[in-house]
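Good morning, everyone, and thank you for making time for this. I would like to take us through one model, going from the whole chain down to a single residue.

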Amino acid sequence: MTATYLLSDTATGKPVAAGTRQMTSSFDSPRQEFAVLRAQRDAENRAARELADLLHLAIAENLSRLPQS
């Protein structure tokens, strides 16, 4: 999964920070078809949660570096 973000100044509309984060998640492929689908879905959900955490941290870091007004 890949996520791209852009933080803009609300007063001017100018970009103040941007970034891209990626997360991958692997899974075993069992013999049963339903088990494969379930494992894939679980891996996607896991990657989405971890990507959300990465974005949260990246945005917080970007905001902490902005000058205080």
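The accessible surface of the protein chain comes to about 5600 Å², and 52% of that surface belongs to carbon and sulfur atoms. Please keep in mind, as we go on, that this is a predicted model. Of the 69 residues in the protein chain, buried ones make up 20%.

How does the radius of gyration of the protein chain stand against that of a compact globule of 69 residues? Such a globule would have a value near 11 Å, whereas the protein chain has 17 Å. If you look along the principal axes, you will see that the C-alpha atoms fill a box of roughly 60 × 20 × 10 Å.

Among contacts between residues at least 6 apart in sequence, 39% join residues at least 24 apart.

Let me now come to one residue, Thr20, which lies in strand S2, a strand that covers residues 15-22. Is Thr20 buried, exposed or partly exposed? Thr20 counts as partly exposed because its relative accessible area is 42%, which falls between the cut-offs of 20% for buried and 50% for exposed.

Leaving aside residues up to four places away in sequence, Thr20 touches Thr2, Ala3, Thr4 and Tyr5. With Thr4, the side chain of Thr20 forms a polar contact of 3.4 Å. As for Tyr5, it stands 15 residues from Thr20 along the chain, and their C-alpha atoms are separated by 6.4 Å.

Notes: Residues numbered from 1 in each chain as written. Predicted model: local features only at pLDDT ≥ 70, side-chain atom pairs only at ≥ 80, totals over all residues. Heavy atoms only, no water. Helix = DSSP H or I, 4+ residues; strand = E, 2+ residues; numbered from the N terminus. Buried < 20%, exposed > 50% of the residue type's maximum accessible area, 1.4 Å probe, protein only. Contact = heavy atoms within 4.5 Å. Polar contact = N/O pair within 3.5 Å; in protein donor to acceptor, adjacent residues only side chain to side chain. Rg over C-alpha atoms; globule rule 2.2 N^0.38 Å. Areas by Shrake-Rupley, 256 points an atom, 1.4 Å probe, with all protein chains shown as cover.
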